[in-house]
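Colleague: Could you walk me through how the descriptions of a structure follow from its numbers?
Modeller: Gladly, let us look at it together.

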Amino acid sequence: MSVKKHPDYRKEVERLDYTKDYIKKTLDATEEYRSLYKENIKDAMENLDYLDSSQSYISVLINTKFIEIADRNFDNLKRIQDKPYFARIDFKPHEREMADKIYIGKTSLMRSEEEVPLIVDWRSPIANIYYEGRLGETSYVAEGGKQEGELLLKRQFTIEEGELKNIMDIDITTTDTFLQASLEANAEERLKDIASTIQAEQNRVIRADMHLPLIVQGVAGSGKTTIALHRIAYFIYTYEKTFDPENFMIIAPNKLFINYISDVLPELGVEDVKQTTFIDFIEELIGNKYKMADGSDKLMTLIDGKNTSEKDQLEWLKWAAAFKGSMDFKRLLDNYIRDLEKDYLPKDDFTLHGHIIISKEAIHRMLLQEFNYLPLYKRTDELKKTLRNQLKEFKEKLLKETEAAYDDEIENIRCRMEASEERRQKILPLIEERDTKLEAIKKDAKTLVNNYIKRFPKKDLFELYKELMIQEDLIEKYGGISLPSQGVDYLCQQAKVLLENKKIELEDYAPLAYIKHRIFGFKEKLKVNSVVIDEAQDFSLFQFYTLKEILKTNMFTLLGDISQGIHSYRSIQNWEEVRDEVFYERKSNYITLVQSYRTTIEVMNLANAIILKLANPRIVLAKPVIRHGDKPEMREFSEKEVLLEGLQEKLQQIKDNYKSIAIIGKTKKECKEIKKYLDKHKKLHTKILDEKEESYDAGIILVPVHLAKGLEFDAVLITSIEEIYQEEELDIKLLYVAMTRALHELDLFFLKGTMPILNNINEEMYIR
Ligand SMILES: Nc1ncnc2c1ncn2[C@@H]1O[C@H](COP(=O)(O)OP(=O)(O)OP(=O)(O)O)[C@@H](O)[C@H]1O
């Protein structure tokens, strides 16, 4: 139906025109005010010398604040100028006769003369009805309490460049054509905001209580990354008075990923949220950049090494990585730290001239109990203060007593003897002795505290860690008897090779940060108190725990997908262990997302058939949104040259249809090999994405699976010329991740024998 035939078309066009006009006027007025405020600041600055300067200062401050607010509103309004809102709901509170017409957009716009805003922000309490409510009885919760009423209309608009293109009224039976249209669009190089099409299950994640840890298990393409960003925008809006954007931090797997998501927050009107990787954040905290060992991420070793004879070594490599990420390892460190504390305790009393001011036992008590809330080395700062105070008191007392003792004796002599040369000879040395003693006490007191404190052993963080890790007996002592001796050998041998060469691996970051936190403390007060972790399935329990301890917060949102846990040798196995072992003090919320929005039914069916091979009853299969595409093509070749030729032809065919195409290989080596061939023929421009890359442009790229995780592409061509995908856990997950990157098209190009994993896959799912 043409939009013009909609019964409310005229009214909606009028409303849109009115809103656009109002926005324009507001923008113009803001510009005018802005120059007025600037003028005021200028005046105040000029008058700063000879007027009452505090008045001018206040004037500068006030006007600067106004400009800030005006600027913020200005930017938000500019952003929505061409698309002021995307939906309307008509809500009639029970106690009222008339329904309010509420237009929902990305930012709110108040009209001074009326109570209902011209546009209501999508994050406001009433907008919840749009995402959750069905026509009929509904309610929402706002500051004043629960408001019940009736939802009479739910309407979506397509507005392009300020023109009303479509009106869609939603009733219970309508499928979300809006969502369909949004999903059919081609992938830009970046993620987009989805405020207009957020689905109810996603809305619940976005609005879930921020004060409790939230764990989201979401299938591939369920919108985890997207809603993580919307959740931050929601909280910054809802708790504007309590939280600043700097209180939030997003941890993403790599810089490439950060770049990929970086435009969404500003689009949602949020700036200044810290976006970092775990490694970068820890290095920033510790204040030191470490050299990473080659192959620090063991995934490649595991992929490559599968066919080597050193199976045993690989098992211990996995064991060591898992152990370093476990809570057992945290307990090992706690035991080690307990001994470090003991060694730290002074062996001597705190004395002045043979007098005990504070006994060593009392000092031990202070260090181990009273100041126990502080990192070990910081406890000496507190101790120092106590020593100083006590010394001051004691010194005065000692001086007085010493002086009095001598003076008594002198007085005694004076009483006993007549004034004579003999008496003088007796008194003079006493006076001298007294003065020397008093001086000596004063002198000693000056350096006493510093000298005492200096004796505390202080070591470097890296040294402390290394000393532990390279000694089998220490690992066994602190780790308990249950550790396998071959595992301990492997761990320590590996530490000797790395740490003695001042290198570390990924698994060392959490322990280093933990020791730093317990022994040294951090220089600056950390602003971050709410953490969002994407691809959280790749984290270990100990990584989560360390972050929680260091940041002293429970405000965590963890989003991930266990099916995509390709790093599971070093990371969590399931979410229950996170809830039980990391967030044990507080109840955590757990939400599962099963709807997948990224890919077509055909692609998802095939990917699901692959992940089912894991035979893990915990795995929840993704349900694709109703969107069809072509069946994936499976192209098996007997010769590499022919395969690569076929791949090249395919790329030629589709390159103009899509903005982004990815050739996904199992390893970087495989990608390089394919690129070499494509370059030789010079028909296509391609680029390899590796971990150093910070961004990628649309076009054809070659990327190893582990780096493609989290990203998406219009078309995906999984290519295998040498590497073999076996029917085993790691390969199943790798192939699943690769397949679920596709938005519209998925094809497989593989050399005969490289895909035993496809055995028993129902042939109806693909075209040969
Ligand atoms: N409600 C929605 N409306 C429109 N598009 C959506 C919606 N939810 C998700 N999408 C789209 O689905 C795709 C997948 O989203 P996203 O990358 O956030 O998922 P994910 O769960 O992080 O995926 P993965 O775990 O596979 O990396 C994106 O293109 C996103 O824009």
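This is a predicted model: local features need pLDDT of at least 70, side-chain atom pairs count only at pLDDT 80 or more; totals for chains, interfaces and linings use all residues.

Colleague: Why are α9 and α19 called roughly parallel to each other?
Modeller: Helix α9 (residues 278–286) and helix α19 (residues 509–520) pack at an angle of about 30 degrees, with axes 10 Å apart. Angles under 35 degrees count as roughly parallel, and therefore α9 and α19 are roughly parallel to each other. As for handedness, the crossing of α9 with α19 is left-handed.

Colleague: Which residues of α9 and α19 meet?
Modeller: From α9 come Phe278, Ile279, Ile282, Leu285 and Ile286, and from α19 come Tyr509, Leu512, Ala513 and Lys516. In this contact of α9 with α19, eight residues are nonpolar, none is polar and one is charged.

Colleague: Now the sheet with β19 in it. What makes β19 and β21 edge strands?
Modeller: This open sheet has six strands in the order β19-β24-β23-β20-β22-β21, with parallel pairing. β19 (633–637) and β21 (686–688) each have a single partner strand, so one side of each is left without a neighbour in the sheet. From one strand to the next, the twist averages 20 degrees.

Colleague: How do you know that β21 pairs with β22?
Modeller: Pairing takes at least two bridges. Three bridges join β21 to β22 (residues 699–704), and the two strands run parallel. As an example, Lys687 has Ile701 in β22 as its bridge partner. Helix α24 (residues 668–681) packs on this sheet, and its direction makes about 145 degrees with that of β22.

Colleague: And the other sheet: what makes β14 and β15 a pair?
Modeller: Again the cut-off is at least two bridges, and three join β14 (residues 530–533) to β15 (residues 556–560), which run parallel. Val531 stands opposite Phe556 in β15. The whole open sheet runs β9-β8-β14-β15-β7-β16 with parallel pairing, and its edge strands, β9 (274–276) and β16 (589–593), each pair on one side only. α6 packs on this sheet, and its direction makes about 165 degrees with that of β15.

Colleague: Which helices each supply at least two residues of the shell around the ligand?
Modeller: They are α4 (177–184) and α6 (224–238). Of the 25 residues around the ligand, Thr197, Ala220, Gly223, Lys224 and Thr226 come nearest. By kind, the shell has seven nonpolar, 13 polar and five charged residues.

Note on methods:
Residues are numbered from 1 along each chain as its sequence is written. A residue is near a molecule or strand if its C-beta atom, placed from the backbone, lies within 6 Å of it. Helices (H or I, at least four residues) and strands (E, at least two) are DSSP runs, numbered from the N terminus. Ala, Val, Leu, Ile, Met, Phe, Trp, Tyr, Cys and Pro count as nonpolar, Asp, Glu, Lys and Arg as charged, and the others, Gly among them, as polar. Axes are lines fitted to C-alpha atoms, for helices over the stretch in contact, and angles run from 0 to 180 degrees between N-to-C directions. Angles under 35 degrees count as roughly parallel, over 145 as roughly antiparallel, 65 to 115 as roughly perpendicular and the rest as oblique. A crossing is left-handed if the near helix is turned anticlockwise from the far one by less than a right angle, and right-handed if clockwise. Two residues are in contact if their C-beta atoms, placed from the backbone, lie within 7 Å.
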